[in-house]
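Thank you all for coming; I would like to take a few minutes to walk through one model with you. Please have the sequence and the structure open while I talk.

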Amino acid sequence: MKIGLFIPCYIDAFYPNAGIATLELLEKLGQDVDYPLDQTCCGQPMANSGCNSDAAAAEALFVRNFAKYDAIVMPSGSCTHHVRDNFDAIPQTAEVQHVRKNTFELVEFLHDILKVEDFPWAEFPHKVGLHNSCGTLRALRTASMSELGEPFFSKPMDLLSKVKGISFATPKRPDECCGFGGTFSVTEEAVSARMGLDKVRDHHQAGAEYIVSADTSCMMHQQGCAERGGVPIRFIHIAEILNGARS
Amino acid sequence: MKVKPVNHAKAAEAFLEDAPHLTFHDERLWDMRQKRDQQMHLLPEWQELRSRASAIKEHTLANLPEYLEQFEANAKKNGIHVHWAADGAEHNRIVGEILEKHGAKSLIKSKSMVTEECDMRAYLEPRGVVVTETDLGERIQQLDGQMPSHIVVPAVHKLVPDVARIFAKNYNTDPNDDSPQSLAESQRMAARPVILTADAGMTGGNFLVAETGTFVVCTNEGNADLSATVPNLHIATLGIERIVPRMADMGVFVRLLSRSALGSPITQYTTHFRGPQKGGEMHIVLVDNGRSARLGMEEFWTSLKCIRCGACMNTCPVYRRSGGLSYGAVYSGPIGAIIDPTFNERKYSTLPFASTMNGSCTNVCPVKINIHEQLYKWRRVLAEHHELPFVKREIMHMAGKLMGQPTLYRTAINGTEVALSSLPRFVLYNWLNPWGKHRELPHPVKQTFHSWYKKNRLKGKEESKGGKA
Amino acid sequence: MSSRDTILATLRANRPDPAAHELPPVAVLGDMDAGKARFEDALQLLGGQILLPQEGDTLASAIARRFPDAKIICSAVPDFEGTIRLEDVASPQQAAATDVLVVRSPFGISEMGSIFLSEAQLNSLNSAAHLTQHIVVILSEKNLTANMHTAYVERPEFHTAHYGVLMTGPSATADIQGVLIRGAQGVRSLSVWWE
């Protein structure tokens, strides 16, 4: 299986360690991974703003970059959600459909496709609060949703449970959106920042030293809120923990 | 006429500045969501009920003209006067004429979102009709000159001192009364004589039943039953979409409604009106006001399934932190954001953006309206109809172009690589300045992933694979 | 064209394909326990009470004990006296003076703890049920139905009564800062007496 790695723009620019960890982890798991250098964006920011036709160039480029791979993997739930569920600014050719069908968020790829049983190199002796982005939770369905009363399951929790020394804090409102919401974070900055502050406080009060998530965009926002609000909590992408980061 | 879009963000910012109100509002509505969850867990058939409710409603909407005709025929047979109102103005005229015919000068009414839609009080009052809201929350809002901020709990954004202040002004009660019990008692005492001497009563309604010509009203305070039974004239106003085919379908809806709304199994009163009471006269006004047009909107017609439980508002993290009044519309919260633009596209063009599209609303909706997907679709429609702010549209246009050109994009990125001390414009755009108002910026990094990859993975690999940098 | 015809025509033009949205069969789901214990639990959850007889109690003595200050006790049933009969109450204004109204409900719903009343039980003075300060409802265990589905499927009253109310406990509100208050604008208490 040939894997194409997509690194979203904000990870590329602000959180390269999450991207590096994703690549190294896939390599440790014996995967053949390419990072096409001409990649930019999946088109989500434009599409989510309603400007779907403005997403066409990004989507077309995405397909040019990734059509040749068996699987496209990305450390981002919301980008995966866009490609899988909303990627329709361009004609739906066979190539486009191939890309949409074979795009995976990292956690679901590890959990459902590779079915990884063990991360022998991983040890994280800290109490963490898991943040599921709304994209992973309610669109990709990588965990059970409290509103539906379905039996508990959590793919990210399954993976993290295989890490030595890790323990989990239980926030009061685990499924509550953190308020990032893409451009919402600036067009509705006051509500967004308040949601973010409430979110990091909830994790902090539950005893979490770290917030861990498969979505860096949520954490970028939460980190900004925590630092401004003086909430002493750290942030780490799930790929970094699974790849063996100790702190 | 140029209408200004509602500035939800600004109103929300003001709401957030008042910590006691904000905290109570968020926690109270979250508590309602928690109680809803507890009820759901008690019923193993919960998801089955939601599916049934959704299917019944979709079927009914697809057969709406027939069911409305059936309802009308049965209601008339039972002695109910049935009126049809194309819009709010016609609704108000109909109600006004009925009252005038009876010489009615005082009207007591229970909560009705449709009369809010029609702005009925503003029509009747200059015509000499004293309209008294009898629902406690709605009465508080009426006395305070505000719209209801929530479709089920209209004054949920207020605290005890607010109510004490309003009642002191209008009921001459102690402005420092800090007991909700005694304030509620003041309302009972003030309302009772008004109810006993009113010329006419008015209610909204939750359901119409085609099979029997019945309308069903679900309330808790007893004020709707008082409004309907004390005066001899009862006028009810309902939207045309509130219909179900069979009386037996009511089981599904009654079981879902209050559990979704308040987390109680049923409202204290579930009242079935099938005809006038002895010596009385009963009218029902069936209101369209945009609904028949909405039925033709392929992506949005299922919003007509709504049974007005408010569960989507209670669970919405944005609504809880911005308050219903910030939406500047009769219907607030997630459901408001998808139906308000059908009333006025420009005025409410901002509301589908007052959401993170997190999807919790869709999950709690008892009739399975895909609310967050409709929010997404509305954004597209609004962009296509040029209802987005110019700057935002331009930025998206430029960003879209940039994202299609990898070389240009990479140049823009590399400019920020060495010392990222401010947000790079290429990702966060110039209108993103508000980011830093309540948040820190991301920390600078030494190199992008892209550069790291070239340094650490491409040496030697590049030539053999023919990749380009 | 009248508004009626315009609305119906627009609906016909705009509606989704009826063939794609069939009416599901009537749903009868959930717990089928039509028992007294379930009814009592549900009633008490919504703030209703059970008027429990003590040794040798009649309904009259139980009411006297429960409502010692009641001056006007209005009876809507043939087998209980009260201080006034509902047939002798001429108007809502007169009914408003009632302290306790005693009625008999044709059925109750175990799932909810609801009791049903219509003009047939209220001598067509429907407001009496809401203007009284307290209400005592006589109910027979054999007239319990399991849940909302069975109630709507089985009970003829929903097809015959002009006014049919399911009352579940006393009137209530939580409109002031979320504080639950029993006894809002309708009855301050609702008690069930088993017969």
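**A strand covered on both faces**

Five of the five residues of S4(C) are buried, so the strand is largely enclosed by the rest of the structure.

What does S4(C) pair with? On one side there is S2(C), which pairs with S4(C) in the parallel sense over three bridges, and here C:Ile73 stands opposite C:Val100. There is also S7(C), which pairs with S4(C), again in the parallel sense, over five bridges, and in S7(C) the bridge partner of C:Val100 is C:His134.

If we now step back to the whole sheet in chain C, we find an open sheet of six strands, with parallel pairing and the order S1-S12-S7-S4-S2-S3. Strand S1 (49-50) and strand S3 (84-85) of chain C stand at the edges, each with a single partner strand, so one side of each is left without a neighbour in the sheet. For S3(C), two bridges join it to strand S2 (residues 73-75), and the two run parallel; C:Ser75 has C:Arg85 in S3(C) as its bridge partner. Packed on the sheet is helix H3 (residues 59-66) of chain C, which touches S2, strand S4 (100-104), strand S7 (134-139) and strand S12 (189-194) of that chain, and whose direction makes about 155° with that of S12(C).

Turning to how the chains meet, two pairs of chains touch, and the one with the most contacts is chains B and C. Chain A and chain C, by contrast, do not touch, and their nearest C-alpha atoms are 16 Å apart.

One residue to look at here is B:Val254, which sits in helix H12 (residues 250-261) of chain B. Is B:Val254 buried or exposed? It has 28 C-beta neighbours inside 10 Å, and because the cut-off for a buried residue is 20 or more, B:Val254 counts as buried. Leaving aside residues up to four places away in sequence, B:Val254 touches B:Ile266 and B:Thr270 in its own chain and C:Met148 in chain C.

The contact between chains A and B takes 60 residues from chain A and 63 residues from chain B. Several helices of chain A each supply at least two residues to its side of that contact, among them helix H2 (16-28), helix H4 (56-66) and helix H12 (216-229). H11(A) gives the most to this side, with seven residues, and by class the side of chain A has 33 nonpolar, 15 polar and 12 charged residues.

Finally, a word on chain B and on confidence. The domain assignment gives domain 1 (43-289) and domain 2 (404-465), and their C-alpha centres lie 57 Å apart. The mean pLDDT of chain B is 93, with 94% of its residues at 70 or more. Over residues 418-431 of chain B, however, the pLDDT is below 50, although this stretch has 25 contacts in the model beyond near neighbours in sequence. Residues 463-469 of chain B also stay under 50, and for them the model has seven contacts beyond four places in sequence. Where pLDDT is low, the predicted coordinates should not be read in detail.

Note on methods. Residues are numbered from 1 along each chain as its sequence is written. Chains are lettered from A and ligands numbered from 1 in the order in which they are written. This is a predicted model: local features need pLDDT of at least 70, side-chain atom pairs count only at pLDDT 80 or more; totals for chains, interfaces and linings use all residues. Two strands pair if DSSP finds at least two bridges between them. Helices (H or I, at least four residues) and strands (E, at least two) are DSSP runs, numbered from the N terminus. Axes are lines fitted to C-alpha atoms, for helices over the stretch in contact, and angles run from 0 to 180 degrees between N-to-C directions. Domain bounds come from an automatic or database domain assignment. A residue is buried if 20 or more other C-beta atoms lie within 10 Å of its own, exposed if 12 or fewer, and partly exposed in between; C-beta atoms are placed from the backbone. Ala, Val, Leu, Ile, Met, Phe, Trp, Tyr, Cys and Pro count as nonpolar, Asp, Glu, Lys and Arg as charged, and the others, Gly among them, as polar. pLDDT is the predictor's confidence in each residue, from 0 to 100.
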